[in-house]
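Dear colleague,

Please find below the structure that I am handing over to you. My notes on it follow directly after.

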Amino acid sequence: MRGSEPDSRDRAGGTTRIHVVSDVHGNTEALARAGDGADALICLGDLVLFLDYADHSRGIFPDLFGKENADRIVALRTARRYDEARAFGRELWAGRDRNTEILGAVRRQYAELFAAFPTPTYATYGNVDVPDLWPEYARPGTTVLDGERVEIGGRVFGFVGGGLKTPMNTPYEISDEEYAAKVEALGPVDVLCSHIPPEVPELTYDTVARRFERGSRALLEAICSTRPRYALFGHVHQPLVRRMRIGTTECVNVGHFASTGTPWALSW
């Protein structure tokens, strides 16, 4: 699948064009261009870059503790030695004000990233985002949605932000019950937008990290029962399958923006 190629059902007419990104992870330069040629931009979260698993020198963690320590914590997490990774993290943070230092770094990233959003942008949170900070940086023209719907070009888009609880303990992880309630609140939509994928093995397995990420059973049930035209999501950076059908719904992983800088396009 080419990232900019719309589904064949949507090529006729072409009066509305939407660009969709997820997992921006600090790619401010590309984000500033992501809305070029589109009527609107949709962002499905993970703006913050805490640690780049492809380049351990990039992100908040190596900025604070250096690349060697980033190498070590990535190795522990990749080996699923989560208890050791947490213990190592506690050693590094000993005597430091963790919350103040991290929030300061996140604020600096958000100031640049939100300034790069085109108008209009419709955005929801990723699991590494800090929702409480978004009102400080979202400018007029950026609409933040979570468990909410919006109409764009005559189609209804529903948004569900955040992730589910994992051993990684990232900032915006919520319970399965809270997540399911947000999905249910949407009702039927034309395009279901979320940060995490539905709970389908091919969509949740990361081929580089060599592990299954958490997908949502509630999203899968909503797809099967309400049959949106599309389900768009990110979170899994190197999925086993980037695109597949569930019934009549086209499920598309758009979570490659940090590495490619290319939005996925939908037109009708």
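Which side chain meets that of Asp146 in a salt bridge? It is the side chain of Lys182, at 2.9 Å from N to O; a salt bridge here is a side-chain nitrogen of Lys or Arg within 4 Å of a carboxyl oxygen of Asp or Glu. Asp146 lies in the loop between strands E4 (142–144) and E5 (148–152) and Lys182 in helix H7 (residues 176–186), so the pair ties together parts that are 36 residues apart in sequence. Both residues are buried, where buried means under 20% relative accessible area, exposed over 50% and partly exposed in between (1.4 Å probe, protein chains only).

Please note that this is a predicted model, in which local features need pLDDT of at least 70 and side-chain atom pairs count only at pLDDT 80 or more, while totals for chains, interfaces and linings use all residues. Residues are numbered from 1 along each chain as its sequence is written, and side-chain values use heavy atoms, with hydrogens and water left out. Helices (H or I, at least four residues) and strands (E, at least two) are DSSP runs, numbered from the N terminus.

The structure holds 13 salt bridges in total. One of them joins Glu250 to Arg243, at 2.6 Å from N to O. Glu250 is buried at 7% relative accessibility, whereas Arg243 is partly exposed at 22%. Salt bridges with shared partners link Arg243, Arg245 and Glu250 into one network. Another salt bridge pairs Glu101 with Arg96, their closest N and O atoms being 2.8 Å apart.

Just after H3, Arg80 adopts a positive phi of about 65°.

Strand E15 (residues 264–267) is covered on both faces, with Trp264 and Leu266 buried on one side and Ala265 and Ser267 on the other. Strand E1 (residues 17–21) runs antiparallel to E15 and is joined to it by four bridges; two strands pair if DSSP finds at least two bridges between them. Ser267 is the bridge partner of Arg17.

Yours sincerely
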